[in-house]
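Please load the model in a viewer and keep the selection panel at hand. The stops below follow cross-links, charged contacts and the surface in turn.

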Amino acid sequence: MKFFWLIPFFLLQDAAAFLMKNAKFKLCLRASVVGESLLLEDCDPESVFQDWSWQGDSLLNRGTQSCLSLVGSNGVQMGLCDRTSYMSWDCSNSLLSPLGGSQSYLVANKKGVTLSNVRNLKAQWQDAADRSVCEVKAAEAEPDRYFTAALVSTHTYDPIAGNITLALGMDGAELEELLWFFRREDPSTWNYSVLALSFVAMILGLVLLALNIVRNRKRKIHAYGGAEQMVQQDELEAKQALMPVQEYSPAQLQKQEPVPQDHRSGDVMVQWKDGTVTSLYTARSEDAV
């Protein structure tokens, strides 16, 4: 259950940005885009150059990704965060003073900020909710303390028994080895296994692709053969429909009465169903013509 607490701790690491508002002027400290100077402007929660966060004892500006640092005896400017002593600040009663230095405080004036020995409202810094920046630092340090304790602790709390018990009898060295196991493990075996599985999956995919191509080809050939057979059947039926309904054999033709040959040129002869043959036009004499 301990590892479920790691997720919110990681999420809280980057969610503590706040504005540094001076209690006297009600203006917020802003890092300059050009150069390393500091300005006092109207508070704008949307400006990343007015967003500050505690990184240990250092004050980080989110817009410039640089830290509040000392210059000389009483100067203040932005500089690269390298965890040096002149970038560390002690916070007490809303007052910011250089850690390990003289008793001077970060004070606001009309031109910006500087170091001074005064302890009035000009030296007090708050966030947008008028909460002391020292309270913000303490609130940020609290999750870090629990996070560190969760990593190094070898105990778990039993809500039923209500006491502290060892987790599986592990000591600190065993728990540390368990926490760093995956970072120290040799990943070669896992990489080779994934590579082999990828190769097998590729071969299986190619086999399935070949089978699918063969089946589609057979299906098309079968469909084409059936269509060709249907076309041939239709053509045969059409030819049969054009053939005469009744076919006469040579024997039947011999039984039929011969057509009289005494007709004249130009006569049209008609053979009726009963077998008689007559002229289509009535014969007329030459005199009548």
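## First stop: a disulfide to select

Select C67 and C81: a disulfide joins the two, with S to S at 1.8 Å (a disulfide being a pair of cysteine sulfur atoms within 2.5 Å). C67 belongs to strand β6 (residues 66-71), whereas C81 sits in the loop between β7 (75-79) and β8 (89-92), so that distant parts of the chain, 14 residues apart, are linked. Helices (H or I, at least four residues) and strands (E, at least two) are DSSP runs, numbered from the N terminus. The torsion about the S-S bond of C67 and C81 is about 105 degrees, so this disulfide is right-handed.

Colour the two residues by accessibility next. C67 counts as buried, at 3% relative accessibility, while C81 is partly exposed, with a relative accessible area of 39%. Here buried means under 20% relative accessible area, exposed over 50%, and partly exposed in between, with a 1.4 Å probe and protein chains only.

This is a predicted model, in which local features need pLDDT of at least 70 and side-chain atom pairs count only at pLDDT 80 or more, while totals for chains, interfaces and linings use all residues. Residues are numbered from 1 along each chain as its sequence is written, and side-chain values use heavy atoms, with hydrogens and water left out.

## The other disulfides

How many disulfides does the structure hold? The structure holds three. With bonded cysteines counted along the chain, the pattern is 1-2, 3-4, 5-6.

Move to C28 and C43, which a disulfide joins with S to S at 1.9 Å. C28 lies in strand β2 (residues 28-31) and C43 in the loop between β3 (38-41) and β4 (52-55), so the bond ties together parts that are 15 residues apart in sequence. This link of C28 and C43 is right-handed, with 90 degrees about the S-S bond. C28 is buried, at a relative accessible area of 1%; C43 is partly exposed, at 33% relative accessibility.

Then select C91 and C134, whose sulfur atoms are 1.9 Å apart in a disulfide. The pair links distant parts of the chain, 43 residues apart: C91 is in strand β8 and C134 in helix α2 (residues 133-152). Is the link of C91 and C134 left-handed or right-handed? It is left-handed, with -95 degrees about the S-S bond. Both C91 and C134 are buried.

## K137 and its partners

Stay in helix α2 and select K137 together with D57. Their side chains meet in a salt bridge, at 2.8 Å from N to O (a side-chain nitrogen of Lys or Arg within 4 Å of a carboxyl oxygen of Asp or Glu). K137 lies in helix α2 and D57 in the loop between β4 and β5 (58-61), so the contact ties together parts that are 80 residues apart in sequence. K137 counts as buried at 18% relative accessibility, whereas D57 is partly exposed at 32%.

A search of the whole structure finds four salt bridges. One of them joins E41 to R30, with the closest N and O atoms 3.4 Å apart. E41 lies in strand β3 and R30 in strand β2, so parts 11 residues apart in sequence are tied together. E41 is partly exposed at 31% relative accessibility, and R30 is buried at 15%.

Another salt bridge is formed by the side chains of R131 and D127, at 3.3 Å from N to O. R131 is partly exposed, with a relative accessible area of 35%, while D127 is buried, at 6%.

## Last stops

Select V76, which is found in strand β7 and is buried, with a relative accessible area of 13%.

Finally, centre the view on L208 in helix α5 (residues 188-242).
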